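This briefing covers one protein chain. Please keep the sequence and the structure at hand while reading the points below.

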Amino acid sequence: MKIKKRRSDFLIPTNSMSDVAFLLLIFIMLVSLINYRREVKIEYPEAELAKKTSAEKNLEIWIDRGGNLYLNGIASNLDAIEAGIITAYQEAPDTRVHVIADRGTPFRNVNKVLDILQILQYRVVSFVVK
């Protein structure tokens, strides 16, 4: 006598699949909200005419109202900024330097950075405005 095993149809549990879908959706939403760019909170000057540049190959030099310098959002001094510009140029010569200064920043603080750029003969410089 042969005993045959009864085959039952395979069922996919759809209740747990919806839970997994919602968890993935929440995870993706949270990861997309993370801001990877470090910024210094400043008040941008306004310009009548401005040109947009791509953000991939930028070296950002931030100058706040008190004259504090930041290189890509990290507090720096003039020597570190000079070394950062040299390193960026050696890695990719088409790197654009963005000088981002607060509206109330005295020009002498901006001029220090411009002097470094002039000494290094760096010509791909943009001033970021609102």
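Arg65 is partly exposed in this predicted model, with a relative accessible area of 48%. Its side chain meets that of Asp102 in a salt bridge, at 2.9 Å from N to O. Asp102, by contrast, counts as buried, at 8% relative accessibility.

**Salt bridge**

- The structure holds one salt bridge, and its partners are Asp102 and Arg65.
- The pair links distant parts of the chain, as the two residues lie 37 residues apart.
- Arg65 sits in the loop between E1 and strand E2 (69-71), while Asp102 belongs to the loop between E4 and H3.
- As a general point, side chains of opposite charge can pair when their charged atoms come close.
- Why does Asp102 count as buried, whereas Arg65 is partly exposed? Buried means under 20% relative accessible area, and partly exposed means a value between that and 50%; Asp102 has 8% and Arg65 has 48%, so the two residues fall into these two classes.

**Strand E4 and its neighbours**

- Strand E4 spans residues 96-101. Five of its six residues are buried, so the strand is largely enclosed by the rest of the structure.
- E1 and E4 run parallel and are joined by six bridges. Within this pairing, Val99 in E4 is the bridge partner of Ile61.
- E4 also runs parallel to strand E5 (residues 125-127), to which three bridges join it. Here Val125 in E5 is the bridge partner of Val97.
- His98 is found in strand E4 and is buried, with a relative accessible area of 7%.
- His98 and Glu60 are 38 residues apart along the chain, yet their C-alpha atoms are separated by 4.7 Å.

**Helix H3 and the crossover**

- E4, helix H3 (residues 107-119) and E5 make up a β-α-β unit, which is right-handed.
- Leu114 is found in helix H3. Leaving aside residues up to four places away in sequence, Leu114 touches Phe107 and Phe127.
- Between Leu114 and Val99 there are 8.9 Å from C-alpha to C-alpha, with the two residues 15 apart in sequence.

**Nonpolar surface patch**

- Which residues form a nonpolar patch on the surface? They are Val20, Leu24, Phe27, Ile28, Val31 and Ile34, with about 560 Å² of accessible area together.
- Ile34 is found in the loop between helix H1 (14-32) and strand E1 (58-63).
- Ile34 is partly exposed, with a relative accessible area of 44%.

**Whole chain**

- The protein has three helices and five strands, and from the N terminus on its elements run α-β-β-β-α-β-α-β.
- Of its 130 residues, 24% count as buried.
- Among contacts with a separation of 6 or more, 70% come from residues 24 or more positions apart.

Methods:
Residues are numbered from 1 along each chain as its sequence is written. This is a predicted model: local features need pLDDT of at least 70, side-chain atom pairs count only at pLDDT 80 or more; totals for chains, interfaces and linings use all residues. Side-chain values use heavy atoms; hydrogens and water are left out. Patches are made of residues with over 30% relative accessible area and no salt bridge: like charges are joined within 9 Å, nonpolar side chains (Val, Leu, Ile, Met, Phe, Trp, Tyr) within 5 Å. Accessible areas come from the Shrake-Rupley method with a 1.4 Å probe; for residues, only the protein chains shown count as cover. A salt bridge is a side-chain nitrogen of Lys or Arg within 4 Å of a carboxyl oxygen of Asp or Glu. Helices (H or I, at least four residues) and strands (E, at least two) are DSSP runs, numbered from the N terminus. Buried means under 20% relative accessible area, exposed over 50%, partly exposed in between (1.4 Å probe, protein chains only). Two strands pair if DSSP finds at least two bridges between them. A crossover is right-handed if, with the strands pointing away from the viewer, the path from the first strand over the helix to the second runs clockwise. Contact means heavy atoms within 4.5 Å.
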